[in-house]
2 protein chains.
Amino acid sequence: MSDTREQILEQIKEQGELVRQLKASKESKEKLPLAPSSEGRAMSTSVGQQLKAQQQQQLQEQQQQQQQQMHKIDEEVSRLLALKAKLGGDAAPANQKFTLKTPKGTRDYAPQQMTLRQGVLDKIVQVFKRHGGEAIDTPVFELKEVLTGKYGEDSKLIYDLKDQGGEILSMRYDLTVPLARYLAMNKISSIKRYHIAKVYRRDNPAMTRGRYREFYQCDFDIAGTYDPMLADAECVKIVAEVLDTLDIGDYVIKLNHRQLLDGMFEACGVPPNNFRAICSAVDKLDKSPWAEVRKEMVEEKGLDGATADRIGEYVRLSGGAELVEQLLADPKLKAVPNAVKGLEGMQLLLKYCSLFGLEQSVSFDLSLARGLDYYTGVIYEGVLKAEPGATGSPVKALQNGDQAPEQGGTVGSVAGGGRYDNLVGMFDPRGKAVPCVGVSIGVERIFSVLEAKFAASKVKLRTNDVEVYVASAHKGLHEQRLRVLNQLWDAGIKAEHSYKLNPKLLVQLQHCEEHQIPLAIVLGDAELAQGIVKLREVRTRQESNVTLAELPAEIRRRLQE
Amino acid sequence: MSDTREQILEQIKEQGELVRQLKASKESKEKLPLAPSSEGRAMSTSVGQQLKAQQQQQLQEQQQQQQQQMHKIDEEVSRLLALKAKLGGDAAPANQKFTLKTPKGTRDYAPQQMTLRQGVLDKIVQVFKRHGGEAIDTPVFELKEVLTGKYGEDSKLIYDLKDQGGEILSMRYDLTVPLARYLAMNKISSIKRYHIAKVYRRDNPAMTRGRYREFYQCDFDIAGTYDPMLADAECVKIVAEVLDTLDIGDYVIKLNHRQLLDGMFEACGVPPNNFRAICSAVDKLDKSPWAEVRKEMVEEKGLDGATADRIGEYVRLSGGAELVEQLLADPKLKAVPNAVKGLEGMQLLLKYCSLFGLEQSVSFDLSLARGLDYYTGVIYEGVLKAEPGATGSPVKALQNGDQAPEQGGTVGSVAGGGRYDNLVGMFDPRGKAVPCVGVSIGVERIFSVLEAKFAASKVKLRTNDVEVYVASAHKGLHEQRLRVLNQLWDAGIKAEHSYKLNPKLLVQLQHCEEHQIPLAIVLGDAELAQGIVKLREVRTRQESNVTLAELPAEIRRRLQE
């Protein structure tokens, strides 16, 4: 920590005043009614209805303002407490008064979200395994030097760990650099691996747009020295299979080639040392109109206006094999070896994609640039198409809501990747390269799309798999319940009960209906005396008697129906 | 960072000399022959055999020494580079020369390990779901204040993040405190949740004993206000089911009660403000003999010798319901309300455990204390029994090998937990408590046991699920391969091929045998002309002709056989 005690005290003093002001405003706001009072609800509908609607709108607006302000206050308070903690050491008060929240840009996953997420990940893993993928895992942090110099301008977004003595560590920023480190360290020259894990970016999260600082990546990569485009085309196929299996709407997979981009820049007259900067400007075309991107090129990056205009001609082109033909005949491009190589690569890739039945799903798009420095060949991006007519379309819901995806820009991008042939070599002491191509599925965005879909459909997702609830019809049966539960668990049946000694029967049956548990067993002394229990189908409420001995088999039979 | 530029330069200067010395010794070692030369291998066997064996032993010893020394050097170099990086900022050299390693105390999981791990976790999740568990997830870091004051002495092991502006964060130390924060923050008063995720402890890892700084925890907890011991007994049942389903050897689940421990300390004459310190001494009884623990109590913690001896009498006791009876009649204990309450709790727990069929699996053990501060009631620990006679027993392999488990002490402890009724209340602004009881499965230890078992059995675990390999019998067939692959993938069949245009048939078939792929399709012009391919069973090497149209169905039929 570079803060000295004095500096911290200074800061606390300065911020103290602001916090006091904000708190005062918070308290005055808190005195406002937050919801219609119970008296309000009891008013006769004819009189109250309209008044209520007006009140509610007003209240909602007030609440929104208040929430924004409270959020500001919370952040200030939390900052202040952190500063205090620095001074006071680790001893905490018995009952902390700090804001209960997750760190900025992060969130918890509740059971409902976990169920959805697990469903998505299972489907994606199925696709990865269909293509021979093997799983690996790496630590959540790396030596800082491993990440240094890999992310260009974005390096400033890396989370560092505090120097507590020993090695200097940083949180992983993606799963690609750790893969390259893993391959170089273990001298692995070929692998098809997938890796699903969280990565960390200290971005200024536009939380309203749903960009997170901790988010899942879901990567498949093919490493090895192979013939051109065979592995690359399979990665494109994998993107298509994932988007098909998740059924989240129409999509297009945009394709481009870094060598072609470089060749095009060269043909347009961009100085070579400006290629990466201009490339990162082109990368913004999915969010910004050409006029703005051109402005960045000319005003910020010092490009000649005529050069920018020549680039502008190219980046508006997209199409298929015929566009490749057209560009191969383009006098400016065919004079530049890099451009020709890139175009020939695209030609081969498009041919393989059509053999994989992807002709209608891919689009060669010269405006696709992708941000990361390490790409050297093919790049691609899977983009959800907007459905302008459809109400309640997930994409539309996202554009209006605050559940939008994590990685910048348009709502549509849900997968991306490309070839990076030099990254592993950066880690090898002798610079031995292992060519790689891979794809990253934007699962956070996909979760968001599906969450919006579910919210719209009002379908209640089950968050547990309980098959049978064991209930007591009257008091004094808890030991019997435990015996029956034990029998069911030992038979592999998913079962639960109330953890009360004498729960009410109605409460128990309501629990079953609320949690969509298909079967209930009702225990009663009279039946137990004959070695019998009641088996109830929760949905139909039909009951029948079953002997204890036949219970597991009968339950299995019912569940299979 | 508290290091100033001057201090860092100082350190670099000091360490520079050491590194130079170590490097010099490394280089001189590197000149030694590392393996028998090719001439050596070509020697006639009768003359060379014995010489070779001697040479090899010598070489192995040298290599071991060398490795140890190189490891030291690597650590120094890495430290030095880290210091340099601090001075030089983030700019990295084009080709880094730093040590390629994972951070101290962490490791990568290779595909083989991931396969094993996934198998273990799937089985555990099945048990959790059988008991109605729902999954949640929380961020990998928390506001530092969330963790402060929860772990007693162990707080020093918490990883902090660097202050990069904004909130002060720390890596989670376990999954229990984040659960408590989650429940308080969302005002949830009852849940059965499981959570499987990595946690972080900046322990000085005895790597040779396999203790890690990043390791998996696998937790199931029941939160809610319920009748005594019903949820607690179910957690014990879950431990038993997990250990049964994983089939890793005989085990015992030790049970004790924090209230009884406190009551016992009181009865023995320990001053109340010394309870936690004495409890943490008792916790060491699984690693250290009584004499040492007594010494710690008397010499470090200032306990009266006679008091320590009275404790010594109790902590050697273990048994079942009869021991509870005996202690309830104990004159010293029955005078202390805490002791009586703890014993009555144990009585009920043992009764429920016997209804769950666990009479032979549990043992009431007064030496069980468990480290964490937050337990308030029942505590338990699942321990693998040593199998002294059995050669190749996993436990034994671990004791000798360097693959031992992550959490201290004896090899045997593979699960633990207990009741913590006050933790959630520490987060609630009004102190509202949510009673909780839970269990954590020591999966790292279990992975280690199973890894040792697999290494001993020499069974090769498959790390991918590929069902069919698509091979070319001769040149020029890569487009045909892609067509067939596409047909298989679209039918949901797991298939792969060589990413070479013209691979050799032998190489392709060897790949199938090495990777235990059950089926191969061999394409040839002659067969393709008739719309036919050869389907080969890799194990038996039997081939038969199948039409392309029938291929997916035929493959499915073969796989089911």
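Select Glu381(B) first: in this predicted model, Glu381(B) stands opposite Gly416(B), a residue of strand 10 of chain B. Display next the two strands concerned, strand 9 (residues 378-384) and strand 10 (residues 413-419) of chain B; they run antiparallel and are joined by 5 bridges. Widening the selection brings in an open sheet of 9 strands in chain B, with mixed pairing and the order 1-4-5-11-10-9-6-8-7. At its edges stand strand 1 (134-135) and strand 7 (318-319) of chain B; each has a single partner strand, so one side of each is left without a neighbour in the sheet.

Show its surroundings: setting aside residues up to four places away in sequence, Leu243(B) touches Ile248(B), Tyr251(B) and Val414(B). A distance label can be drawn from Leu243(B) to Val383(B): their C-alpha atoms are 9.7 Å apart, while 140 residues separate the two in sequence.

Turn now to strands 15 and 16 of chain B. Strand 15 (residues 532-537) and strand 16 (residues 543-547) run antiparallel, with 5 bridges joining them. Within this pair, Val533(B) stands opposite Val546(B) of strand 16. The hairpin has 5 residues between the strands, and Arg541(B) takes a positive phi near 65° there.

Not counting residues up to four places away in sequence, Ile521(B) touches Val533(B) together with others, among them Val468(B), Val470(B), Leu488(B), Leu535(B) and Ile555(B). In soluble globular proteins, nonpolar side chains tend to be buried together. Here the largest nonpolar core has 284 residues, and those with the most contacts inside it are Ile311(A), Ile521(A), Ile311(B) and Ile521(B).

Strand 14 of chain A pairs in the parallel sense with strand 12 (residues 468-472) of chain A over 5 bridges, and Val470(A) has Ile521(A) as its bridge partner. Strand 14 also pairs with strand 15 (residues 532-537) of chain A, in the antiparallel sense over 4 bridges; in that pairing Glu537(A) is the bridge partner of Leu519(A).

Remaining in chain A, select Ser361(A), in the loop between helix 14 (337-355) and strand 8 (362-365). Ser361(A) is buried, because its relative accessible area of 15% lies under the 20% cut-off. Beyond its neighbours within four places in sequence, Ser361(A) is in contact with Tyr251(A), Val252(A) and Ile253(A).

Finally, colour the two chains separately. In the interface, 116 residues of chain A are in contact with 117 residues of chain B. The chains bury about 10,100 Å² between them, 56% of it on carbon and sulfur atoms. In chain A, Leu100(A), Trp489(A) and Tyr499(A) lose the most area to chain B, together 9% of what that side buries. Across the interface there are 18 salt bridges. One to display joins Glu496(B) and Lys192(A), whose closest N and O atoms are 2.6 Å apart. Helix 17 (residues 478-490) of chain A supplies 7 residues, the largest share of the side of chain A that touches chain B.

Key. Residues are numbered from 1 along each chain as its sequence is written. Chains are lettered from A and ligands numbered from 1 in the order in which they are written. This is a predicted model: local features need pLDDT of at least 70, side-chain atom pairs count only at pLDDT 80 or more; totals for chains, interfaces and linings use all residues. Side-chain values use heavy atoms; hydrogens and water are left out. Buried means under 20% relative accessible area, exposed over 50%, partly exposed in between (1.4 Å probe, protein chains only). Contact means heavy atoms within 4.5 Å. Two strands pair if DSSP finds at least two bridges between them. A nonpolar core is a set of buried Ala, Val, Leu, Ile, Met, Phe, Trp, Tyr and Cys residues joined through side-chain atoms within 4.5 Å. Buried area is the accessible area (1.4 Å probe) that two parts lose on being put together, summed over both. A salt bridge is a side-chain nitrogen of Lys or Arg within 4 Å of a carboxyl oxygen of Asp or Glu.
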